[in-house]
Amino acid sequence: MFNGITLNEKQRQQLRDLMATQRHYRVDNTALVKEREALHKLIIADSFDDKAVREELENRMQKELEQRVEMARIHHELYQLLTPEQKTELERIHQHKMAEFQAMQFQ
């Protein structure tokens with residue numbers, strides 16, 4: 001999110017501190033493997049259990065939603081650490097990236 005923005009030492013430390021609080025939200029690989037295996041078993045079963053597949057996928061989607069909300073919260077907190085000049089520069093970078101993204105959509 002902050003690519004292209006130069007942070008001072010105090011801001012870098014605050015960024016590190018905030019990111020350290022986020023680490024406990026990272027996906028546990030063993031849980032991810034179990035989820036994939038559960039979905040695989042449902043797919044290769046003799047009969048298709050629509051309800052079970054939906055439950056498995058809804059569980060995954062809920063976890064992803066929670067992670068994305070947490071990341072948005074952290075990005076918001078990080079944004080609050082920026083100076084007005086840094087916020088202006090970040091907005092300029094964002095607008096440039098959005099223009100590039102929109103241009104790619106029409107190719």
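Colleague: What pLDDT does the chain average?

Modeller: This is a predicted model, in which local features need pLDDT of at least 70 and side-chain atom pairs count only at pLDDT 80 or more, while totals for chains, interfaces and linings use all residues. Residues are numbered from 1 along each chain as its sequence is written, and side-chain values use heavy atoms, with hydrogens and water left out. On pLDDT, the predictor's confidence in each residue from 0 to 100, 93% of the residues score at least 70, and the chain averages 89.

Colleague: In which helix is confidence highest?

Modeller: Helices here are DSSP runs (H or I, at least four residues), numbered from the N terminus. Confidence is lowest in helix α1, residues 9–22, at a mean of 86, whereas the highest mean, 93, belongs to residues 50–80, which form helix α3.

Colleague: How are α1 and α3 oriented to each other?

Modeller: The two helices, α1 and α3, pack with their axes 10 Å apart and at an angle of about 165°, where angles run from 0 to 180 degrees between N-to-C directions and axes are lines fitted to C-alpha atoms over the stretch in contact. Since angles over 145 degrees count as roughly antiparallel, α1 and α3 are therefore roughly antiparallel.

Colleague: Which hand does the crossing of α2 past α3 have?

Modeller: Helix α2, residues 29–44, packs against α3 at an angle of about 160°, their axes 10 Å apart, and that makes α2 roughly antiparallel to α3. A crossing is left-handed if the near helix is turned anticlockwise from the far one by less than a right angle, and right-handed if clockwise. While α1 passes α3 in a right-handed crossing, the crossing of α2 past α3 is left-handed.

Definitions and conventions:
Parallel < 35°, antiparallel > 145°, perpendicular 65-115°, else oblique.
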